[in-house]
Amino acid sequence: MTVKVGIPRALLFYYYFPMWNGFFRALGADVILSSNTTKAILDKGVRQSVDDACLPVKLFFGHVLDLKDRVDYLFIPRMVSVERKEYICPKFLGLPDMIRYNVPDLPPILDVTVNVSRSEKNLFKAFAEVGRVFTSNPRTIRKAYNRGIEEQERFHRLNHLGYLPHEAIEQMGRGLLNQNHSPARQGDMTIALVGHGYNIYDSYISMNLIQKLRDMGVRVVTPDNLTGTIIEEKSAELPKKMFWTLGKRMIGSAFHYMRSDSIDGIIHVASFGCGPDSFTGEIIERHLRRRRNIPFLNLTIDEHTGEAGIITRLEAYVDMIRLRRAAQ
Amino acid sequence: MCGYLGIDVGSVSTNIVLLDEDERVCDSLYIRTQGQPINAVQKGLEYIRERIPEGMKIEGVGTTGSGRHLAGIIVGADSVKNEITSHAIAASSLVPGVQTVLEIGGQDSKIIILRNGVVADFAMNTVCAAGTGSFLDQQAARLNIPIEEFGDIALKAGNPVRIAGRCSVFAESDMIHKQQMGHNLPDILAGLCDALVRNYLNNVGKGKEILEPVIFQGGVAANIGIKQAFEKALGVEVIIPEHYDVMGAVGAAILARDAVRKTGTTSFRGFEVAEEMFEAASFECKDCPNLCEVIEIRDRKNILARWNDKCGKWSNAIAEKKKIS
């Protein structure tokens with residue numbers, strides 16, 4: 001019997017799934033994902049989690065509940081830091097604990113700490129620790145780790161070609177690993193959608209934002225389509241280093257896109273109650289007004305399922321860009 | 001002579017406007033939606049039908065507001081457009097040269113910045129509906145004063161009290177405290193107007209360049225107290241256009257006219273729809289864990305529309321039937 005490792009389709013799944021998947025598969029494990037978000041998953045998550053958590057964290061609970069009875073292990077790493085001298089949101093730090101103490105009848109949790117704030121070598125150490133659950137052979141672990149890194153690099157390449165992370169994950173799942181072409185996109189305008197991956201690519205939580213924009217004839221680009229170098233370079237324009245990695249990606253990409261002539265507008269997507277989102281939105285809007293007059297829209301998402309509010313704002317925003325262009 | 005109907009189905013009121021070819025408002029109606037958008041639209045159509053000028057033929061109809069899709073199905077709309085675009089179009093047509101539109105409705109508030117007749121920027125309140133018309137309604141009811149008199153009473157204030165405006169729940173408890181301490185009604189109402197305006201400018205108006213001419217529209221513009229609070233806070237004259245309470249409907253009518261000019265014909269189903277029986281029902285689709293609440297609109301014979309299903313199974317079934325028949 002192969003060991004089944006469960007990965008919730010939530011939070012950092014949208015950033016690191018290919019690495020985790022490659023690693024576990026190379027160790028001979030089966031990787032089981034939770035289902036796509038549904039109303040039932042969200043309801044369960046909201047009921048089970050602490051009430052002052054943000055929606056994405058509540059949703060993570062729902063995905064754990066969806067998964068827990070189908071797997072031998074749950075992989076919930078404690079993500080402290082993924083880049084030097086930077087951190088991930090504190091709620092991610094406490095994620096394995098929050099899950100462990102709020103959800104009954106769990107399979108064992110693989111909750112190694114990933115913290116590269118001081119040294120990047122810690123990344124391998126974390127994976128080695130997980131690897132030892134499956135094998136005592138250090139060479140097998142090293143090989144699996146390298147496999148994971150390779151998969152992650154492929155994933156990034158697809159992102160840089162223009163595939164959005166959820167599309168890239170799907171492509172890789174179908175075995176199309178070495179794509180060289182950008183995806184074909186129709187549309188008469190391009191909008192940069194700046195938000196956390198777990199908010200914008202989960203079509204249930206985002207109320208299918210990306211598809212709605214595409215249906216209106218909009219090409220959508222996101223922070224994930226940019227290379228790390230661009231993000232670093234542009235976010236360094238802030239007077240003080242932004243030490244939240246995910247917020248830095250949003251700011252860096254917005255600064256890049258606001259200078260690009262091919263971008264017609266920037267939409268910032270925030271989770272209601274997210275501290276970092278509240279100021280990334282503000283910083284982006286201020287810089288935008290100082291630099292270039294392209295339209296900005298701030299969307300806040302929470303548990304609402306009535307789509308009228310979001311549709312009204314998107315329609316009006318896209319109308320505005322088209323009418324402005326027609327008037328020029 | 002041809003006329004165009006604009007229907008704005010909002011959360012609190014349903015407004016209908018009859019526009020002639022030269023964008024003049026011939027007739028307008030403001031009725032309370034009272035949670036029954038279909039009824040409100042039908043009632044409104046009945047009124048308009050009786051007052052329609054002789055010889056005028058309806059050549060187009062447009063809908064807007066949060067109930068625009070529902071209303072669009074019932075009347076057979078030529079254009080179904082969001083309320084921001086509709087408000088902006090009406091404002092720039094009725095008040096040429098306008099640069100800032102302040103709009104406060106029942107459940108939402110927005111600011112629209114126009115430059116050279118085109119929307120340059122807009123903002124809408126976020127997930128929270130604090131400080132909109134329905135809150136004023138509620139407070140007027142609690143104080144047992146008709147909402148129509150709210151503004152005039154507020155104008156009599158000598159010394160407006162300060163009321164917490166960030167959240168309507170905070171505002172309500174603060175108002176109760178002030179009233180129990182003995183402040184008089186005009187001072188409290190004027191304080192509430194100031195709080196609402198302060199919250200609006202901080203929240204919706206944040207970072208926007210508010211240039212004259214500034215117009216104030218939406219149902220709340222009837223409240224002279226709020227108008228005055230805006231003038232005090234902004235230091236500019238705030239104009240209330242003649243048809244301030246039906247601007248969304250005016251915009252919808254203009255958009256319908258433009259749509260019909262392109263297509264050549266109208267899909268208006270006629271005033272008979274006012275007498276027809278429409279039934280709206282919803283059911284929970286249990287075919288997948290999304291449990292979508294699907295809405296279905298039917299008349300006596302047919303299912304006219306379905307929506308709100310994520311996968312499109314129910315809504316597409318209707319579209320296909322239409323193709324066949």
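Mentor: Let us begin with Leu11(A), which is placed in the loop of chain A that runs between β1 (4-7) and α1 (13-26); helices (H or I, at least four residues) and strands (E, at least two) are DSSP runs, numbered from the N terminus. Residues are numbered from 1 along each chain as its sequence is written, while chains are lettered from A and ligands numbered from 1 in the order in which they are written. This is a predicted model, in which local features need pLDDT of at least 70, side-chain atom pairs count only at pLDDT 80 or more, and totals for chains, interfaces and linings use all residues, and side-chain values use heavy atoms, with hydrogens and water left out.

Leu11(A) is not a glycine, and yet its phi is positive, at about 45°. With 3% relative accessibility, Leu11(A) counts as buried (under 20% relative accessible area, where exposed means over 50% and partly exposed lies in between, with a 1.4 Å probe and protein chains only). Asn144(B) also has a positive phi without being a glycine, here about 60°, and is found in the loop of chain B between α4 and α5 (147-155); at 69% relative accessibility, however, Asn144(B) counts as exposed. Most residues other than glycine have a negative phi, and most peptide bonds are trans. Against that background, Glu212(B) and Pro213(B) are joined by a cis peptide bond, with omega at about -10°, and Pro213(B) lies in the loop between α7 and β9 of chain B.

Glu285(A) and Lys208(B) form a salt bridge, their closest N and O atoms being 3.8 Å apart (a side-chain nitrogen of Lys or Arg within 4 Å of a carboxyl oxygen of Asp or Glu). This pair crosses from helix α13 (residues 275-291) of chain A to the loop between α7 (185-203) and β9 (214-217) of chain B. Glu285(A) counts as buried because its relative accessibility is 11%, and Lys208(B), at 13%, counts as buried too. Another salt bridge joins Arg68(B) with Glu315(A), at 3.8 Å from N to O, and the count between chain A and chain B is six.

In all, 25 residues of chain A are in contact (heavy atoms within 4.5 Å) with 24 residues of chain B. The area buried between the two chains is about 2,200 Å², with carbon and sulfur atoms giving 52% of that (the accessible area, by a 1.4 Å probe, that two parts lose on being put together, summed over both). On the chain A side, Lys39(A), Thr312(A) and Arg313(A) lose the most area to chain B, together 24% of what that side buries.

Salt bridges within chain B complete the picture. Asp137(B) pairs with Arg32(B), with the closest N and O atoms 2.9 Å apart. Because Asp137(B) belongs to helix α4 (residues 133-142) and Arg32(B) to strand β3 (residues 25-32), this pair ties together parts of chain B that are 105 residues apart in sequence. Asp137(B) is partly exposed at 22%, as is Arg32(B) at 36%. Lys227(B) and Glu231(B) meet at 3.3 Å, N to O, in a salt bridge of their own; they stand four residues apart in helix α8 (residues 224-234) of chain B, so about one helical turn separates them.
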